[in-house]
Amino acid sequence: MVITGETDAEAEAKWQLYKEGADLEALAWLVEQATADKNPAGDSNVRHAIDPRSMVNINIGLLLGSYAKVAHLLDEMATIPGLAGVLLTFDEFISGTEIFGERIQPLMQCRKHVTSQAQAAA
């Protein structure tokens, strides 16, 4: 999940707001459903989802920070051997997608070839 802002502080404030506004009843239901399986596999993604450290985003991973920080984190991910792609979700779908394309991807070293092609086509 990508939560970003102009600054790290702005992004962190959004994340804090989301955590403070969590639907506790829905999270309790998630835990109830996840623990219904009395013989889960050791690598169960359901058990991972209910880890209390970050249930708000179902523990899917968090890229949090300024546009530059998130671009840097994605560049770091691009160096993982064998990684073929990354599925991104955004806290706000439309604006998050636009921000990614306009403010984050152009800063990513691993995506310079895409940015260059887009500029050449314009």
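## Exercises on a predicted model

Thr 4 has its place in strand β1. The coordinates used throughout belong to a predicted model.

### Exercise 1. The surroundings of Thr 4

Task: Determine whether Thr 4 is buried or exposed, and find which backbone atoms its side chain reaches.

Solution. Step 1: the relative accessibility of Thr 4 is 7%, and since buried means under 20% relative accessible area, Thr 4 counts as buried.

Step 1: the side chain of Thr 4 reaches the backbone oxygen of Gly 65 at 2.6 Å, and it also reaches the backbone nitrogen of Tyr 67 at 3.4 Å.

Step 2: with residues up to four places away in sequence left out, Thr 4 touches Ala 11, Lys 14, Gly 65, Ser 66, Tyr 67, Val 70, Ile 99 and Ile 104.

### Exercise 2. Ser 66 in the other strand

Task: Locate Ser 66 among the elements of the chain, classify its burial, and say which backbone nitrogen lies 3.1 Å from a polar atom of its side chain.

Solution. Step 1: Ser 66 belongs to strand β2, which covers residues 63-66.

Step 1: Ser 66 counts as buried, because its relative accessibility is 13%.

Step 2: the nitrogen in question is that of Lys 69, which lies 3.1 Å from a polar atom of the Ser 66 side chain.

### Exercise 3. The largest nonpolar core

Task: List the residues of the largest nonpolar core, and state which helix supplies the largest share of them.

Solution. Step 1: this core has 10 residues in all, namely Val 2, Leu 63, Tyr 67, Val 70, Ala 71, Leu 74, Phe 90, Phe 100, Ile 104 and Met 108.

Step 1: at least two residues of this core come from each of α4 (67-77) and α5 (93-104).

Step 2: the largest share is that of α4, with four residues.

As background, nonpolar side chains tend to be buried together in soluble globular proteins.

### Exercise 4. The buried faces of α4 and α5

Task: For α4 and α5, identify the buried residues and work out how they are placed around each helix axis.

Solution. Step 1: in α4 the buried residues are Tyr 67, Val 70, Ala 71, Leu 74 and Asp 75. Seen down the axis of α4, these residues fall within an arc of 145°, so they line one face of the helix.

Step 1: β1, β2 and α5 are among the elements that cover the buried residues of α4.

Step 2: in α5 the buried residues are Gly 96, Phe 100 and Ile 104. Their arc around the axis is only 40°, which puts them on the same side of α5.

### Exercise 5. The aromatic pair

Task: Count the aromatic pairs, and describe the geometry of the rings of Phe 90 and Phe 100.

Solution. Step 1: the count comes to one aromatic pair.

Step 1: the ring centres of Phe 90 and Phe 100 are 6.0 Å apart and the planes stand at 55°, so the pair is tilted.

Step 2: the pair ties together parts that are 10 residues apart in sequence, because Phe 90 lies in the loop between α4 and α5 while Phe 100 lies in helix α5.

Step 3: both Phe 90 and Phe 100 are buried, and the contacts of Phe 100, without residues up to four places away in sequence, are with Leu 74, Leu 88, Phe 90, Gln 105, Pro 106 and Met 108.

### Exercise 6. Glu 92 and the chain as a whole

Task: Find how far Glu 92 is from Val 2 in sequence and in space, and give the order of the elements along the chain.

Solution. Step 1: Glu 92 has its place in the loop between α4 and α5, and with a relative accessible area of 45% it is partly exposed.

Step 1: Glu 92 and Val 2 are 90 residues apart in sequence, and their C-alpha atoms are 9.2 Å apart in space.

Step 2: from the N terminus on, the elements run β-α-α-α-β-α-α-α, which is to say six helices and two strands.

Step 3: among contacts between residues at least 6 apart in sequence, 62% join residues at least 24 apart, and buried residues make up 26% of the 122 residues in the chain.

Conventions:
Residues are numbered from 1 along each chain as its sequence is written. This is a predicted model: local features need pLDDT of at least 70, side-chain atom pairs count only at pLDDT 80 or more; totals for chains, interfaces and linings use all residues. Side-chain values use heavy atoms; hydrogens and water are left out. Buried means under 20% relative accessible area, exposed over 50%, partly exposed in between (1.4 Å probe, protein chains only). A polar contact is a pair of N or O atoms within 3.5 Å; within protein, one must be able to donate a hydrogen and the other to accept it, and residues adjacent in sequence count only if both atoms are side-chain atoms. A nonpolar core is a set of buried Ala, Val, Leu, Ile, Met, Phe, Trp, Tyr and Cys residues joined through side-chain atoms within 4.5 Å. Contact means heavy atoms within 4.5 Å. The arc is that of the directions from the helix axis to the C-beta atoms. Rings of Phe, Tyr and Trp (its six-membered ring) pair if their centres lie within 6.5 Å; planes under 30 degrees apart count as stacked, over 60 as edge-to-face and the rest as tilted.
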